[in-house]
Amino acid sequence: MDRRRGGLKIRYIMDRAERKRTLEKRLPNLLKKAREFAVLCDVPTSLVVYLPGKDQPVVWPSQEAALDVVRRYKEVGDLQRFKNNLDGAEFICKMIDKAKEELSTVQRQTRDKEMNLLMDDFFAGRRRSFDDLSPEVFAALESTVEKKLRAVTARQQELLGGSVLPPLPTQLVQPPPLVMAPTFSSNLPPLPPALDASDVSGLPTTEELQAFFMNGELP
């Protein structure tokens with residue numbers, strides 16, 4: 001048996017002795033997997049293996065269980081058994097229908113992105129009008145705008161607890177007039193003049209400050 005990239009290459013074993021050793025090694029594992037499958041999934045399972053040179057097959061778990069599985073298989077009608085089997089023409093038609101659905105989805109997504117780009121250009125000031133659009137594109141844009149408006153309205157009603165929103169005003173509402181602050185009387189006394197930092201007249205001298213700290217009073 002050849003090994004490639006750490007795995008077993010599945011092909012017919014030409015050497016007879018090696019083929020026999022592989023059968024003896026793998027058959028118990030196959031029976032073990034069949035038992036695990038039946039127990040874990042709780043489904044009727046049977047395994048029938050004919051060994052080379054043997055008249056009687058290896059049957060798991062028993063001949064009665066294997067016969068019961070075969071009998072249930074035969075009771076199923078041919079139409080029910082092969083209803084999912086498709087011939088070449090049916091398979092091609094099914095693949096064509098699937099491709100059409102995928103194409104329709106991609107076209108719808110592309111159209112939505114194109115409409116979003118047109119609206120983004122309009123709101124950003126890069127487009128002044130939609131007069132240059134073809135009737136088909138303009139109709140698609142109009143449908144997209146209406147869909148978005150319905151979504152916004154539904155969301156607003158949901159946030160307001162299902163209440164009906166009032167209609168938008170058709171005219172601009174004038175804001176109330178500004179109220180001017182009251183003016184102060186001119187009879188108030190004038191503010192004192194600003195102090196000059198360079199004028200030190202009236203301030204105590206260094207000797208007077210020292211006498212204050214010593215005696216507690218200015219001379």
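Helix α1 bends by about 30° at R26, and a proline, P28, follows within four residues. The bend is the angle between axes fitted to the seven residues ending at a residue and the seven starting there. This is a predicted model, in which local features need pLDDT of at least 70, side-chain atom pairs count only at pLDDT 80 or more, and totals for chains, interfaces and linings use all residues. Residues are numbered from 1 along each chain as its sequence is written, and side-chain values use heavy atoms, without hydrogens and water.

**Helix α1**
- Helices (H or I, at least four residues) and strands (E, at least two) are DSSP runs, numbered from the N terminus.
- The 26 residues of α1 (residues 16-41) should span 38 Å at 1.5 Å a residue, and the end C-alpha atoms are 36 Å apart, which agrees. The expected span is 1.5 Å times one less than the number of residues.
- T22, L27, A34 and A38 of α1 are buried (under 20% relative accessible area; exposed is over 50%, partly exposed in between; 1.4 Å probe, protein chains only).

**P52**
- P52 sits in the loop between β3 and β4.
- P52 counts as exposed because its relative accessibility is 68%.
- P52 and K20 are 32 residues apart along the chain, and their C-alpha atoms are separated by 9.2 Å.

**Largest pocket**
- A pocket is an open set of points on a 1 Å grid over the protein atoms alone, where a 1.4 Å probe fits, with protein on both sides within 12 Å along at least five of seven lines; lining residues have an atom within 4 Å of a point.
- Residues lining the largest pocket include K20, L27 and P52.
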